[in-house]
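Please read the following note with the sequence and the model open side by side. The points are numbered so that each can be checked in turn.

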Amino acid sequence: MRHGGGRGAAGGPPSDLHRETEIAGALRAEGSGGEPVRVALCFPSTYSFGMSNLGFQSVLRLLDEEPDVVCERVFHDAGPTEPGRSYETGTPLSDFDVVAFSVSFEDDYFNLVSLLSAGGVPVMAEDRGEGDPLVVLGGVCAHLNPEPVAPFLDAVLVGDAEALVRPFLAAVARGGSRAERLDRVSRMKGAYVPGLYEVERDHQGRIVGFAARRGAKLPVEPADAVGRIARTHLLSDGAYFEDMFLVETSRGCARGCRFCAAGQVLRPRRHHGLADIVEELRAASASTSRVGLVTAALLDHPEAGALLSEIRDMGLELNISSVRAEGITAENAVLLESCGVRTVTLAPEAADERLRRVIGKPMSDGTLMRAVRALRDARMNNLKLYFMVGLPGERPADIEAIPGLSREIHTTFASGRPGGRVTVSVSAFVPKPRTPFQWLPMAGESYLRDAIRFLRRELSSKPALEFSATGPREARREGALARGGRELAPAIAASALDGVPWKAALRRSGADASHILDRERDEDEVFPWETVSVGTPRSRLLSSLDEARRLMALLN
(Lines give C-alpha, C1' and ligand atoms only; values in the text may rest on other atoms or scores of the structure.)
Protein backbone atom coordinates (compact mmCIF):
# COMPACT_ATOMS: atom_id res chain seq x y z
CA MET A 1 0.00 0.00 0.00
CA ARG A 2 1.18 3.47 -0.77
CA HIS A 3 -0.10 6.07 1.67
CA GLY A 4 -0.89 9.54 0.37
CA GLY A 5 -0.87 9.89 -3.37
CA GLY A 6 -1.97 13.49 -3.62
CA ARG A 7 -3.16 16.37 -1.50
CA GLY A 8 -6.58 17.87 -1.23
CA ALA A 9 -7.59 21.44 -0.71
CA ALA A 10 -6.53 21.22 2.92
CA GLY A 11 -3.08 22.23 1.72
CA GLY A 12 -0.94 19.25 2.68
CA PRO A 13 -0.34 16.65 5.34
CA PRO A 14 -1.56 17.53 8.84
CA SER A 15 1.08 18.17 11.47
CA ASP A 16 -0.58 16.91 14.67
CA LEU A 17 -1.01 13.20 13.92
CA HIS A 18 -1.03 10.63 16.71
CA ARG A 19 2.02 8.48 17.30
CA GLU A 20 1.46 5.22 15.42
CA THR A 21 3.57 2.07 15.20
CA GLU A 22 3.12 -0.59 12.52
CA ILE A 23 3.19 -4.19 13.72
CA ALA A 24 5.51 -6.12 11.43
CA GLY A 25 4.21 -8.95 9.30
CA ALA A 26 2.41 -7.49 6.28
CA LEU A 27 2.97 -9.57 3.15
CA ARG A 28 3.65 -7.11 0.35
CA ALA A 29 3.54 -8.53 -3.15
CA GLU A 30 5.04 -6.99 -6.27
CA GLY A 31 2.92 -4.31 -7.90
CA SER A 32 1.61 -4.48 -11.43
CA GLY A 33 2.95 -1.07 -12.33
CA GLY A 34 -0.54 0.08 -13.33
CA GLU A 35 -2.61 2.91 -11.94
CA PRO A 36 -3.29 2.23 -8.23
CA VAL A 37 -6.80 2.02 -6.76
CA ARG A 38 -7.29 4.90 -4.34
CA VAL A 39 -9.25 3.74 -1.26
CA ALA A 40 -10.60 5.89 1.57
CA LEU A 41 -11.12 3.55 4.53
CA CYS A 42 -13.74 5.25 6.70
CA PHE A 43 -14.73 4.66 10.30
CA PRO A 44 -17.84 6.80 10.92
CA SER A 45 -16.99 7.50 14.54
CA THR A 46 -13.97 8.90 16.36
CA TYR A 47 -10.32 8.16 15.65
CA SER A 48 -10.10 6.79 19.18
CA PHE A 49 -12.74 4.12 18.61
CA GLY A 50 -11.72 3.40 15.03
CA MET A 51 -8.14 2.59 15.94
CA SER A 52 -9.42 0.25 18.69
CA ASN A 53 -11.78 -1.57 16.31
CA LEU A 54 -10.37 -4.91 15.22
CA GLY A 55 -12.45 -5.08 12.04
CA PHE A 56 -11.19 -1.68 10.89
CA GLN A 57 -7.61 -2.61 11.74
CA SER A 58 -7.92 -5.93 9.88
CA VAL A 59 -9.10 -4.29 6.66
CA LEU A 60 -6.36 -1.67 6.98
CA ARG A 61 -3.82 -4.49 7.19
CA LEU A 62 -5.26 -6.27 4.16
CA LEU A 63 -5.09 -3.08 2.12
CA ASP A 64 -1.53 -2.52 3.27
CA GLU A 65 -0.58 -5.86 1.74
CA GLU A 66 -1.84 -4.80 -1.69
CA PRO A 67 0.89 -3.10 -3.76
CA ASP A 68 -1.57 -1.49 -6.19
CA VAL A 69 -3.59 0.35 -3.56
CA VAL A 70 -3.27 3.85 -2.14
CA CYS A 71 -5.22 3.85 1.13
CA GLU A 72 -5.96 6.69 3.53
CA ARG A 73 -8.16 6.70 6.61
CA VAL A 74 -11.14 8.93 7.36
CA PHE A 75 -12.80 9.40 10.76
CA HIS A 76 -15.92 11.28 11.70
CA ASP A 77 -14.22 13.51 14.24
CA ALA A 78 -12.01 14.77 11.38
CA GLY A 79 -8.90 14.77 13.57
CA PRO A 80 -6.30 17.15 12.16
CA THR A 81 -8.21 17.75 8.91
CA GLU A 82 -11.59 19.09 7.87
CA PRO A 83 -14.64 16.77 7.93
CA GLY A 84 -14.87 14.41 4.97
CA ARG A 85 -11.13 14.49 4.32
CA SER A 86 -8.47 11.88 4.90
CA TYR A 87 -6.41 11.67 8.07
CA GLU A 88 -3.13 11.31 6.18
CA THR A 89 -3.22 14.13 3.65
CA GLY A 90 -6.55 15.95 3.92
CA THR A 91 -7.74 14.58 0.58
CA PRO A 92 -11.55 14.85 0.13
CA LEU A 93 -13.57 11.65 -0.26
CA SER A 94 -14.61 12.73 -3.75
CA ASP A 95 -11.01 12.27 -4.96
CA PHE A 96 -10.89 8.53 -4.19
CA ASP A 97 -11.91 5.60 -6.38
CA VAL A 98 -13.49 3.73 -3.47
CA VAL A 99 -14.98 5.00 -0.22
CA ALA A 100 -15.18 1.97 2.09
CA PHE A 101 -17.05 2.18 5.41
CA SER A 102 -16.52 -0.20 8.32
CA VAL A 103 -19.65 0.05 10.50
CA SER A 104 -20.24 -1.87 13.73
CA PHE A 105 -23.09 0.14 15.29
CA GLU A 106 -26.35 1.30 13.72
CA ASP A 107 -26.10 4.77 15.25
CA ASP A 108 -23.07 5.39 13.04
CA TYR A 109 -25.35 5.39 9.98
CA PHE A 110 -25.90 9.12 10.55
CA ASN A 111 -22.15 9.76 10.50
CA LEU A 112 -21.81 7.72 7.31
CA VAL A 113 -24.19 10.09 5.54
CA SER A 114 -22.64 13.26 6.95
CA LEU A 115 -19.14 12.10 5.94
CA LEU A 116 -20.24 11.51 2.36
CA SER A 117 -21.79 14.96 2.17
CA ALA A 118 -18.80 16.69 3.78
CA GLY A 119 -16.45 14.85 1.44
CA GLY A 120 -18.22 16.03 -1.71
CA VAL A 121 -19.76 12.65 -2.60
CA PRO A 122 -23.45 12.63 -3.63
CA VAL A 123 -25.29 11.03 -0.72
CA MET A 124 -27.73 8.97 -2.80
CA ALA A 125 -26.17 6.23 -4.90
CA GLU A 126 -28.53 6.96 -7.79
CA ASP A 127 -27.16 10.52 -8.02
CA ARG A 128 -23.52 9.49 -8.53
CA GLY A 129 -21.90 9.79 -11.91
CA GLU A 130 -18.84 8.39 -13.63
CA GLY A 131 -16.44 10.65 -11.74
CA ASP A 132 -17.72 9.72 -8.29
CA PRO A 133 -16.23 6.99 -6.07
CA LEU A 134 -17.88 3.65 -5.38
CA VAL A 135 -19.28 3.67 -1.83
CA VAL A 136 -18.99 0.32 -0.05
CA LEU A 137 -20.13 -0.98 3.35
CA GLY A 138 -18.53 -3.73 5.43
CA GLY A 139 -18.46 -4.71 9.09
CA VAL A 140 -21.00 -6.02 11.57
CA CYS A 141 -23.90 -3.96 10.21
CA ALA A 142 -23.25 -5.29 6.70
CA HIS A 143 -23.84 -8.79 8.06
CA LEU A 144 -26.95 -7.99 10.07
CA ASN A 145 -29.02 -5.52 8.06
CA PRO A 146 -27.61 -2.90 5.67
CA GLU A 147 -31.04 -1.98 4.24
CA PRO A 148 -31.63 1.31 6.12
CA VAL A 149 -28.55 2.74 4.36
CA ALA A 150 -28.84 0.73 1.12
CA PRO A 151 -29.90 3.80 -0.94
CA PHE A 152 -26.59 5.47 0.01
CA LEU A 153 -24.44 2.47 -1.00
CA ASP A 154 -23.09 1.15 -4.26
CA ALA A 155 -22.12 -2.22 -2.75
CA VAL A 156 -22.15 -4.19 0.50
CA LEU A 157 -19.47 -6.79 1.22
CA VAL A 158 -20.63 -9.66 3.44
CA GLY A 159 -18.40 -12.31 4.97
CA ASP A 160 -14.76 -12.45 6.01
CA ALA A 161 -12.72 -9.47 4.84
CA GLU A 162 -9.85 -11.86 4.07
CA ALA A 163 -12.00 -13.41 1.33
CA LEU A 164 -13.46 -10.15 0.02
CA VAL A 165 -10.83 -7.42 -0.22
CA ARG A 166 -8.66 -8.80 -3.01
CA PRO A 167 -11.52 -9.93 -5.34
CA PHE A 168 -13.24 -6.57 -4.84
CA LEU A 169 -10.09 -4.63 -5.69
CA ALA A 170 -9.56 -6.79 -8.78
CA ALA A 171 -13.11 -6.09 -9.95
CA VAL A 172 -12.66 -2.34 -9.49
CA ALA A 173 -9.13 -2.11 -10.92
CA ARG A 174 -10.17 -3.42 -14.34
CA GLY A 175 -11.78 -0.06 -15.06
CA GLY A 176 -14.79 0.61 -17.23
CA SER A 177 -17.97 2.51 -16.46
CA ARG A 178 -19.62 2.53 -13.03
CA ALA A 179 -22.19 0.04 -14.27
CA GLU A 180 -19.49 -2.28 -15.61
CA ARG A 181 -17.48 -2.17 -12.39
CA LEU A 182 -20.56 -2.77 -10.24
CA ASP A 183 -21.63 -5.60 -12.52
CA ARG A 184 -18.27 -7.30 -11.92
CA VAL A 185 -18.59 -6.68 -8.18
CA SER A 186 -22.10 -8.18 -8.14
CA ARG A 187 -20.76 -11.46 -9.48
CA MET A 188 -18.39 -11.85 -6.51
CA LYS A 189 -19.34 -14.19 -3.71
CA GLY A 190 -20.35 -12.05 -0.75
CA ALA A 191 -21.11 -8.90 -2.77
CA TYR A 192 -24.54 -7.27 -2.61
CA VAL A 193 -25.22 -4.33 -4.95
CA PRO A 194 -28.45 -2.72 -3.62
CA GLY A 195 -29.20 -0.89 -6.88
CA LEU A 196 -29.79 -4.24 -8.60
CA TYR A 197 -32.60 -5.22 -6.20
CA GLU A 198 -36.14 -3.94 -5.84
CA VAL A 199 -38.21 -4.44 -2.70
CA GLU A 200 -41.78 -5.62 -3.28
CA ARG A 201 -44.40 -4.68 -0.66
CA ASP A 202 -48.08 -5.32 -0.11
CA HIS A 203 -50.75 -2.69 0.62
CA GLN A 204 -49.90 -2.84 4.35
CA GLY A 205 -46.27 -2.00 3.70
CA ARG A 206 -45.00 -5.48 4.46
CA ILE A 207 -42.26 -6.93 2.28
CA VAL A 208 -43.45 -9.82 0.15
CA GLY A 209 -40.28 -10.41 -1.84
CA PHE A 210 -37.38 -9.01 -3.84
CA ALA A 211 -36.66 -8.73 -7.54
CA ALA A 212 -33.05 -8.96 -8.76
CA ARG A 213 -31.93 -7.44 -12.07
CA ARG A 214 -29.12 -8.21 -14.51
CA GLY A 215 -28.54 -11.69 -13.17
CA ALA A 216 -27.78 -10.58 -9.61
CA LYS A 217 -27.78 -13.41 -7.07
CA LEU A 218 -30.75 -13.78 -4.73
CA PRO A 219 -30.00 -14.33 -1.94
CA VAL A 220 -26.36 -13.26 -1.75
CA GLU A 221 -24.15 -15.78 0.06
CA PRO A 222 -21.31 -14.60 2.33
CA ALA A 223 -17.66 -15.15 1.45
CA ASP A 224 -15.70 -17.06 4.09
CA ALA A 225 -11.97 -17.42 4.69
CA VAL A 226 -10.07 -19.93 6.80
CA GLY A 227 -7.02 -19.57 8.97
CA ARG A 228 -6.21 -15.83 9.01
CA ILE A 229 -5.95 -14.22 12.45
CA ALA A 230 -7.34 -10.72 12.71
CA ARG A 231 -5.04 -8.43 14.70
CA THR A 232 -3.95 -4.85 15.19
CA HIS A 233 -1.98 -3.39 12.30
CA LEU A 234 -1.18 0.09 13.67
CA LEU A 235 -0.70 0.78 17.38
CA SER A 236 -1.75 4.30 18.35
CA ASP A 237 -1.35 6.43 21.44
CA GLY A 238 -4.71 8.02 20.53
CA ALA A 239 -6.71 4.79 20.45
CA TYR A 240 -9.39 4.14 23.09
CA PHE A 241 -7.25 1.17 24.14
CA GLU A 242 -4.02 3.16 24.03
CA ASP A 243 -1.10 1.27 22.43
CA MET A 244 -2.92 -2.02 22.94
CA PHE A 245 -2.36 -4.91 20.53
CA LEU A 246 -5.66 -6.67 19.80
CA VAL A 247 -5.64 -10.22 18.50
CA GLU A 248 -8.51 -12.54 17.63
CA THR A 249 -8.47 -15.94 19.39
CA SER A 250 -11.71 -17.31 17.94
CA ARG A 251 -14.30 -16.20 15.40
CA GLY A 252 -17.93 -16.89 16.14
CA CYS A 253 -19.57 -18.58 19.12
CA ALA A 254 -21.13 -22.01 19.59
CA ARG A 255 -23.33 -21.03 22.54
CA GLY A 256 -26.32 -20.02 20.41
CA CYS A 257 -27.93 -17.55 22.84
CA ARG A 258 -31.25 -16.49 21.32
CA PHE A 259 -30.67 -12.76 21.81
CA CYS A 260 -27.14 -12.66 20.37
CA ALA A 261 -26.40 -12.20 16.67
CA ALA A 262 -22.72 -13.19 17.04
CA GLY A 263 -23.66 -16.76 17.91
CA GLN A 264 -26.05 -16.99 14.95
CA VAL A 265 -24.22 -15.12 12.18
CA LEU A 266 -20.55 -16.06 12.61
CA ARG A 267 -20.86 -19.78 11.98
CA PRO A 268 -19.19 -22.17 12.28
CA ARG A 269 -17.05 -21.11 15.22
CA ARG A 270 -13.35 -21.18 14.39
CA HIS A 271 -10.61 -21.28 17.01
CA HIS A 272 -7.15 -20.10 16.06
CA GLY A 273 -4.27 -22.32 17.11
CA LEU A 274 -2.28 -21.55 20.24
CA ALA A 275 1.04 -21.41 18.38
CA ASP A 276 -0.31 -18.93 15.81
CA ILE A 277 -1.76 -16.62 18.48
CA VAL A 278 1.45 -16.72 20.50
CA GLU A 279 3.48 -15.93 17.38
CA GLU A 280 1.41 -12.78 16.83
CA LEU A 281 1.81 -11.80 20.49
CA ARG A 282 5.58 -12.24 20.37
CA ALA A 283 5.82 -10.07 17.26
CA ALA A 284 3.76 -7.35 18.93
CA SER A 285 5.68 -7.50 22.22
CA ALA A 286 8.57 -5.64 20.57
CA SER A 287 6.29 -2.58 20.35
CA THR A 288 3.93 -2.85 23.32
CA SER A 289 3.29 -4.78 26.52
CA ARG A 290 -0.48 -4.26 26.40
CA VAL A 291 -2.61 -6.90 24.66
CA GLY A 292 -6.32 -7.59 24.29
CA LEU A 293 -7.85 -10.93 23.35
CA VAL A 294 -10.90 -10.50 21.11
CA THR A 295 -13.50 -13.27 21.04
CA ALA A 296 -17.11 -13.95 21.94
CA ALA A 297 -16.17 -16.44 24.68
CA LEU A 298 -12.49 -16.43 25.63
CA LEU A 299 -12.56 -19.35 28.04
CA ASP A 300 -14.33 -21.56 25.48
CA HIS A 301 -11.04 -21.78 23.56
CA PRO A 302 -9.69 -25.32 24.05
CA GLU A 303 -6.23 -23.93 24.91
CA ALA A 304 -7.34 -20.91 26.94
CA GLY A 305 -5.36 -21.89 30.02
CA ALA A 306 -2.17 -22.44 28.04
CA LEU A 307 -2.68 -19.11 26.25
CA LEU A 308 -3.06 -17.24 29.53
CA SER A 309 0.07 -18.94 30.85
CA GLU A 310 2.01 -17.82 27.78
CA ILE A 311 0.83 -14.22 28.23
CA ARG A 312 1.85 -14.31 31.89
CA ASP A 313 5.27 -15.75 31.08
CA MET A 314 5.88 -13.09 28.41
CA GLY A 315 5.16 -10.38 30.98
CA LEU A 316 2.33 -8.89 28.95
CA GLU A 317 -0.55 -6.92 30.45
CA LEU A 318 -3.86 -8.46 29.39
CA ASN A 319 -7.22 -6.85 28.73
CA ILE A 320 -10.37 -8.91 28.10
CA SER A 321 -14.03 -8.30 27.35
CA SER A 322 -16.78 -10.21 29.15
CA VAL A 323 -16.25 -13.86 30.00
CA ARG A 324 -18.74 -16.66 30.52
CA ALA A 325 -19.24 -17.47 34.20
CA GLU A 326 -19.21 -21.17 33.32
CA GLY A 327 -15.57 -20.88 32.28
CA ILE A 328 -14.36 -19.17 35.47
CA THR A 329 -12.56 -21.68 37.67
CA ALA A 330 -10.24 -20.95 40.58
CA GLU A 331 -7.28 -21.75 38.31
CA ASN A 332 -8.47 -19.53 35.44
CA ALA A 333 -9.24 -16.65 37.81
CA VAL A 334 -5.69 -16.78 39.22
CA LEU A 335 -4.27 -16.94 35.69
CA LEU A 336 -6.27 -13.88 34.64
CA GLU A 337 -5.05 -11.93 37.66
CA SER A 338 -1.44 -12.99 37.02
CA CYS A 339 -1.76 -11.56 33.48
CA GLY A 340 -2.62 -8.15 34.91
CA VAL A 341 -6.40 -8.37 34.53
CA ARG A 342 -7.98 -6.23 37.25
CA THR A 343 -11.55 -6.00 35.96
CA VAL A 344 -13.79 -8.81 34.76
CA THR A 345 -17.24 -8.45 33.21
CA LEU A 346 -19.88 -11.15 33.73
CA ALA A 347 -23.15 -10.97 31.80
CA PRO A 348 -26.00 -12.81 33.53
CA GLU A 349 -28.36 -10.87 31.17
CA ALA A 350 -31.28 -11.73 33.48
CA ALA A 351 -31.46 -12.08 37.27
CA ASP A 352 -33.78 -15.09 37.12
CA GLU A 353 -32.76 -18.60 36.04
CA ARG A 354 -36.15 -19.11 34.37
CA LEU A 355 -35.67 -16.11 32.09
CA ARG A 356 -32.09 -17.13 31.30
CA ARG A 357 -33.43 -20.43 29.99
CA VAL A 358 -35.93 -18.58 27.80
CA ILE A 359 -33.22 -16.44 26.19
CA GLY A 360 -30.92 -19.41 25.65
CA LYS A 361 -28.36 -18.71 28.37
CA PRO A 362 -29.18 -21.43 30.94
CA MET A 363 -26.74 -20.44 33.68
CA SER A 364 -27.64 -21.23 37.28
CA ASP A 365 -27.20 -18.81 40.16
CA GLY A 366 -24.85 -21.37 41.71
CA THR A 367 -22.56 -21.22 38.66
CA LEU A 368 -22.64 -17.44 38.72
CA MET A 369 -21.77 -17.23 42.42
CA ARG A 370 -18.95 -19.78 42.09
CA ALA A 371 -17.40 -17.53 39.44
CA VAL A 372 -17.78 -14.48 41.70
CA ARG A 373 -16.07 -16.29 44.59
CA ALA A 374 -13.24 -17.45 42.32
CA LEU A 375 -12.63 -13.89 41.13
CA ARG A 376 -12.73 -12.59 44.70
CA ASP A 377 -10.25 -15.21 45.88
CA ALA A 378 -7.94 -14.30 42.99
CA ARG A 379 -7.92 -10.69 44.34
CA MET A 380 -9.63 -9.21 41.30
CA ASN A 381 -10.28 -5.49 41.93
CA ASN A 382 -13.41 -4.78 39.92
CA LEU A 383 -16.41 -6.73 38.73
CA LYS A 384 -18.86 -5.51 36.12
CA LEU A 385 -22.31 -7.03 35.70
CA TYR A 386 -24.41 -6.70 32.56
CA PHE A 387 -28.21 -7.09 32.48
CA MET A 388 -30.92 -6.42 29.90
CA VAL A 389 -34.50 -5.27 30.38
CA GLY A 390 -37.39 -5.79 27.98
CA LEU A 391 -36.46 -9.42 27.31
CA PRO A 392 -39.05 -11.81 25.82
CA GLY A 393 -41.02 -13.48 28.60
CA GLU A 394 -39.92 -10.92 31.17
CA ARG A 395 -42.16 -10.36 34.20
CA PRO A 396 -42.11 -7.52 36.78
CA ALA A 397 -40.48 -9.93 39.22
CA ASP A 398 -37.55 -10.35 36.82
CA ILE A 399 -36.82 -6.62 36.94
CA GLU A 400 -37.25 -6.55 40.70
CA ALA A 401 -34.76 -9.40 41.10
CA ILE A 402 -31.82 -7.49 39.53
CA PRO A 403 -31.04 -5.29 42.58
CA GLY A 404 -31.18 -8.26 44.95
CA LEU A 405 -28.83 -10.41 42.86
CA SER A 406 -26.49 -7.45 42.33
CA ARG A 407 -26.28 -6.81 46.08
CA GLU A 408 -25.66 -10.48 46.79
CA ILE A 409 -22.86 -10.53 44.25
CA HIS A 410 -21.34 -7.38 45.73
CA THR A 411 -21.49 -8.76 49.27
CA THR A 412 -19.73 -11.93 48.14
CA PHE A 413 -17.16 -10.20 45.94
CA ALA A 414 -16.19 -7.57 48.54
CA SER A 415 -16.24 -9.81 51.61
CA GLY A 416 -13.09 -9.98 53.71
CA ARG A 417 -11.17 -7.22 51.91
CA PRO A 418 -11.34 -3.52 51.16
CA GLY A 419 -12.47 -2.34 47.73
CA GLY A 420 -14.12 -4.94 45.57
CA ARG A 421 -16.05 -2.50 43.42
CA VAL A 422 -19.07 -3.75 41.47
CA THR A 423 -20.61 -1.89 38.53
CA VAL A 424 -24.05 -2.78 37.17
CA SER A 425 -24.79 -1.87 33.54
CA VAL A 426 -28.27 -2.22 32.06
CA SER A 427 -29.39 -1.91 28.46
CA ALA A 428 -32.69 -2.35 26.67
CA PHE A 429 -33.07 -5.55 24.70
CA VAL A 430 -33.23 -5.05 20.91
CA PRO A 431 -34.55 -8.06 18.92
CA LYS A 432 -31.71 -8.19 16.41
CA PRO A 433 -31.92 -9.48 12.84
CA ARG A 434 -30.85 -13.06 12.16
CA THR A 435 -31.64 -14.25 15.70
CA PRO A 436 -34.58 -16.36 16.92
CA PHE A 437 -36.11 -13.23 18.45
CA GLN A 438 -36.24 -11.31 15.15
CA TRP A 439 -39.96 -12.14 14.91
CA LEU A 440 -40.78 -10.51 18.27
CA PRO A 441 -41.68 -6.89 19.08
CA MET A 442 -39.46 -4.59 21.14
CA ALA A 443 -40.55 -3.33 24.55
CA GLY A 444 -42.10 0.14 24.51
CA GLU A 445 -40.32 3.31 25.54
CA SER A 446 -42.43 3.90 28.66
CA TYR A 447 -41.92 0.32 29.87
CA LEU A 448 -38.15 0.60 29.43
CA ARG A 449 -38.05 4.02 31.08
CA ASP A 450 -39.94 2.75 34.14
CA ALA A 451 -37.71 -0.33 34.42
CA ILE A 452 -34.48 1.67 34.22
CA ARG A 453 -35.80 4.33 36.62
CA PHE A 454 -36.64 1.61 39.16
CA LEU A 455 -33.21 0.01 38.84
CA ARG A 456 -31.40 3.33 39.11
CA ARG A 457 -33.30 4.17 42.29
CA GLU A 458 -32.73 0.76 43.88
CA LEU A 459 -29.07 0.35 42.94
CA SER A 460 -27.93 3.92 43.47
CA SER A 461 -29.09 3.68 47.08
CA LYS A 462 -26.12 1.37 47.82
CA PRO A 463 -22.98 3.53 47.55
CA ALA A 464 -20.68 0.56 46.92
CA LEU A 465 -22.52 -0.21 43.68
CA GLU A 466 -22.15 1.85 40.52
CA PHE A 467 -24.97 1.93 37.99
CA SER A 468 -25.19 2.87 34.31
CA ALA A 469 -27.88 2.41 31.69
CA THR A 470 -28.62 3.26 28.08
CA GLY A 471 -31.62 5.49 27.56
CA PRO A 472 -34.86 3.94 26.24
CA ARG A 473 -35.18 6.56 23.49
CA GLU A 474 -31.72 5.71 22.16
CA ALA A 475 -32.48 2.00 22.42
CA ARG A 476 -35.68 2.36 20.42
CA ARG A 477 -33.82 4.32 17.74
CA GLU A 478 -31.24 1.53 17.59
CA GLY A 479 -34.10 -0.97 17.28
CA ALA A 480 -35.60 0.84 14.31
CA LEU A 481 -32.23 1.15 12.57
CA ALA A 482 -31.43 -2.51 13.27
CA ARG A 483 -34.77 -3.87 12.01
CA GLY A 484 -35.98 -1.38 9.40
CA GLY A 485 -35.58 -1.24 5.65
CA ARG A 486 -34.91 1.31 2.94
CA GLU A 487 -37.88 3.38 4.05
CA LEU A 488 -35.65 4.75 6.84
CA ALA A 489 -33.07 6.29 4.49
CA PRO A 490 -34.85 9.69 4.13
CA ALA A 491 -35.13 10.02 7.92
CA ILE A 492 -31.45 9.12 8.38
CA ALA A 493 -30.49 11.73 5.78
CA ALA A 494 -32.69 14.41 7.38
CA SER A 495 -31.17 13.79 10.80
CA ALA A 496 -27.61 13.63 9.50
CA LEU A 497 -27.70 16.57 7.09
CA ASP A 498 -30.35 18.91 8.49
CA GLY A 499 -30.11 18.15 12.21
CA VAL A 500 -33.76 17.07 12.40
CA PRO A 501 -34.50 15.09 15.62
CA TRP A 502 -35.02 11.40 14.91
CA LYS A 503 -38.74 11.20 15.71
CA ALA A 504 -39.45 14.36 13.71
CA ALA A 505 -37.40 12.99 10.82
CA LEU A 506 -39.48 9.81 10.86
CA ARG A 507 -42.70 11.84 10.75
CA ARG A 508 -41.38 14.03 7.94
CA SER A 509 -40.38 11.02 5.83
CA GLY A 510 -43.57 9.06 6.53
CA ALA A 511 -41.67 6.09 8.00
CA ASP A 512 -43.57 4.20 10.69
CA ALA A 513 -41.28 3.19 13.56
CA SER A 514 -44.14 1.40 15.30
CA HIS A 515 -44.61 -0.83 12.26
CA ILE A 516 -40.95 -1.79 12.58
CA LEU A 517 -40.75 -2.17 16.36
CA ASP A 518 -44.10 -2.89 17.95
CA ARG A 519 -45.64 -5.84 16.16
CA GLU A 520 -44.95 -9.54 16.15
CA ARG A 521 -44.05 -10.83 12.71
CA ASP A 522 -45.79 -13.75 11.02
CA GLU A 523 -43.54 -16.77 10.70
CA ASP A 524 -43.53 -16.50 6.90
CA GLU A 525 -42.98 -12.72 6.78
CA VAL A 526 -40.06 -11.59 4.64
CA PHE A 527 -37.49 -9.43 6.43
CA PRO A 528 -35.67 -6.47 4.82
CA TRP A 529 -32.29 -8.15 5.32
CA GLU A 530 -33.14 -11.39 3.51
CA THR A 531 -31.56 -10.31 0.25
CA VAL A 532 -28.47 -11.71 1.96
CA SER A 533 -28.27 -15.18 3.49
CA VAL A 534 -25.99 -15.21 6.55
CA GLY A 535 -25.67 -17.54 9.50
CA THR A 536 -28.30 -19.87 10.96
CA PRO A 537 -31.05 -20.94 8.52
CA ARG A 538 -34.53 -19.51 9.07
CA SER A 539 -35.97 -22.95 9.90
CA ARG A 540 -33.54 -23.42 12.78
CA LEU A 541 -34.18 -19.90 14.08
CA LEU A 542 -37.91 -20.66 14.11
CA SER A 543 -37.33 -23.93 15.96
CA SER A 544 -35.35 -22.06 18.59
CA LEU A 545 -38.11 -19.44 18.88
CA ASP A 546 -40.70 -22.20 19.34
CA GLU A 547 -38.60 -23.66 22.16
CA ALA A 548 -38.38 -20.23 23.81
CA ARG A 549 -42.17 -19.87 23.61
CA ARG A 550 -42.61 -23.35 25.08
CA LEU A 551 -40.38 -22.40 28.00
CA MET A 552 -42.29 -19.14 28.51
CA ALA A 553 -45.56 -21.05 28.76
CA LEU A 554 -44.08 -23.80 30.93
CA LEU A 555 -42.27 -21.56 33.39
CA ASN A 556 -44.83 -18.76 33.82
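1. In helix 9 (residues 304–313), the residues A304, L307, L308, S309 and I311 are buried. Buried means under 20% relative accessible area, exposed means over 50%, and partly exposed lies in between, with a 1.4 Å probe and protein chains only. Helices (H or I, at least four residues) and strands (E, at least two) are DSSP runs, numbered from the N terminus. The cover over the buried residues of helix 9 includes helix 8 (274–284), strand 14 (290–294), strand 15 (317–320) and helix 10 (330–338). After helix 9 comes G315, whose phi is positive, near 75°.

2. A word on the source is needed here. This is a predicted model, in which local features need pLDDT of at least 70 and side-chain atom pairs count only at pLDDT 80 or more, while totals for chains, interfaces and linings use all residues. Residues are numbered from 1 along each chain as its sequence is written, and side-chain values use heavy atoms, with hydrogens and water left out.

3. H301 is placed in the loop between strand 14 and helix 9. Is H301 buried or exposed? H301 is buried, with a relative accessible area of 5%. Its side chain reaches the backbone nitrogen of E303 at 3.0 Å. Not counting residues up to four places away in sequence, H301 touches T249, S250, H271, H272 and I277; contact means heavy atoms within 4.5 Å.

4. The largest nonpolar core has 152 residues, and those with the most contacts inside it are F101, L318, I328, L346 and I492. Apart from this core lies another, of 20 residues, among them C257, W439, W529 and M552. A nonpolar core is a set of buried Ala, Val, Leu, Ile, Met, Phe, Trp, Tyr and Cys residues joined through side-chain atoms within 4.5 Å. In soluble globular proteins, nonpolar side chains tend to be buried together. With residues up to four places away in sequence left out, L318 touches V291, L293, L308, I311, L336, C339, G340 and V341.

5. Which residues of helix 5 are buried? They are L164, V165, F168, L169, A171 and V172. These residues cover an arc of only 160° around the axis, so they lie on the same side of helix 5; the arc is that of the directions from the helix axis to the C-beta atoms. An α-helix has 3.6 residues a turn, so residues three or four places apart point the same way. The face turned away from the buried side of helix 5 carries the exposed residues R166 and A173. G175, which follows helix 5, has a positive phi, near 75°.

6. Six strands form an open sheet in the order 3-2-4-5-6-7, with mixed pairing. Its edge strands are strand 3 and strand 7 (191–192), each of which pairs on one side only. Two strands pair if DSSP finds at least two bridges between them. Strand 5 (residues 134–138) and strand 6 (residues 155–157) pair in the parallel sense over two bridges, and L137 stands opposite V156 in strand 6.

7. R73 is found in strand 3 (residues 69–75). R73 is buried, with a relative accessible area of 3%. The side chains of R73 and E20 are joined by a polar contact of 2.7 Å. A polar contact is a pair of N or O atoms within 3.5 Å; within protein, one must be able to donate a hydrogen and the other to accept it, and residues adjacent in sequence count only if both atoms are side-chain atoms.

8. The loop between strand 9 (207–212) and strand 10 (234–236) contains V220, and P219 is found in the loop between these strands. The peptide bond from L218 to P219 is cis, with omega near -5°. V220 is buried, with a relative accessible area of 0%. R214 is also found in the loop between strand 9 and strand 10, and its phi is near 55°, a positive value in a residue other than glycine. Most residues other than glycine have a negative phi, and most peptide bonds are trans.
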